[in-house]
Every structure is written in C-alpha cells, then in structure tokens.
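Student: Could we go through this structure together, one question at a time?

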Amino acid sequence: MRRLLPFAAAAAAFAFAIPVKADPPSVALALQNNQFVPSEVHIPAGVKVKLVVRNDNPTASEFESSQLHREKVVPPGREVTVFVGPLDPGSYEFFDDFHPQTRGHLIVK
Ligand SMILES: [Cu+2]
C-alpha cells in the first residue's frame, strides 16, 4: 500500500497540471439551395476550429475537402461537426461531394 503512494501523488499532481483548454472557436455554415452560406469562411491561422455544417436542403449532402482531408455526410435537416486546423494561412476549398458544383472556401489568415 505504502509503495503505491508516490504514484498516487504523482497522478494527482499530473491531474492538476493539465491546463483547462478553451473550446475551439466555432463557425456555422449552412447548405441552402445547394449553396454554401456563407461560401467564404474566414478563420485565424494556427488554431483548431469547429465547423458546424447544417444541411437545409431536402436531400443529403457531403461536406468534403481534399485539401483539408475531411469528408462527412450531412443528412437533410441535420448538422455535423467538422474540426479543422491548426492551419497555415491560405485558401482551402471545400465542396458538397453529392452536388460537386456546390463549392466554398476556407480563408485562413
Ligand atoms: Cu466524398
């Protein structure tokens, strides 16, 4: 029992050492009439960002970005969460893979 105490103390110290992380900033995005609204999303460089993508179309969509290596189906009337970043400054294209003409850009500054 006594031998376990140093480990317990170390574990407790470690638990207190874990910083409280703020939630990543969140950006809302909608699919309406097969358009991304907004079609250009601005986010800061170097931070993780939570994209909340809502599909207001009557059919399923798939939020996809080859550059960001993300792909997620969004059922009609539903929303999905996609985490991106931390990213370098630049322009990253995303699209609806079920309606490939529907495109938008993530502008990272
Ligand atoms: Cu796809």
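**Salt bridges, metal site and sheet**

Tutor: A search of the whole structure finds two salt bridges, a salt bridge being a side-chain nitrogen of Lys or Arg within 4 Å of a carboxyl oxygen of Asp or Glu. This is a predicted model, in which local features need pLDDT of at least 70 and side-chain atom pairs count only at pLDDT 80 or more, while totals for chains, interfaces and linings use all residues. Residues are numbered from 1 along each chain as its sequence is written, and side-chain values use heavy atoms, with hydrogens and water left out.

Student: Which residue forms a salt bridge with Arg-103?

Tutor: Arg-103 lies in strand 9 (residues 99-108) and its partner in strand 8 (residues 90-96), so the pair ties together parts that are 10 residues apart in sequence; strands here are DSSP runs of E of at least two residues, numbered from the N terminus. Arg-103 is partly exposed at 36% relative accessibility, where buried means under 20% relative accessible area, exposed over 50% and partly exposed in between (1.4 Å probe, protein chains only). The closest N and O atoms are 2.9 Å apart, and the partner is Glu-93.

Student: What is the N to O distance in the salt bridge of Arg-54 and Asp-56?

Tutor: Arg-54 counts as partly exposed at 35% relative accessibility, and Asp-56 is partly exposed as well, with a relative accessible area of 38%. Their side chains meet, N to O, at 2.7 Å.

Student: Is Glu-71, a donor residue of the copper ion, buried or exposed?

Tutor: The copper ion is coordinated by Glu-62, Glu-64, Glu-71 and Asp-97 at 1.9 to 2.2 Å, donors being N, O and S atoms within 2.8 Å of the metal (3.2 Å for Na, K and Ca), and since water is not among the atoms, sites may look incomplete. Glu-62 is buried, with a relative accessible area of 9%. Glu-71 has a relative accessible area of 52% and is therefore exposed.

Student: Which strands stand at the edges of the open sheet of four strands?

Tutor: The sheet has the order 2-1-4-7 with mixed pairing, where two strands pair if DSSP finds at least two bridges between them. Each edge strand has a single partner strand, so one side of each is left without a neighbour in the sheet; the two are strand 2 (35-37) and strand 7 (79-84).

Student: In strand 2, which residue is the bridge partner of Gln-32?

Tutor: Strand 1 (residues 26-32) and strand 2 run antiparallel and are joined by three bridges. The partner of Gln-32 in strand 2 is Gln-35.
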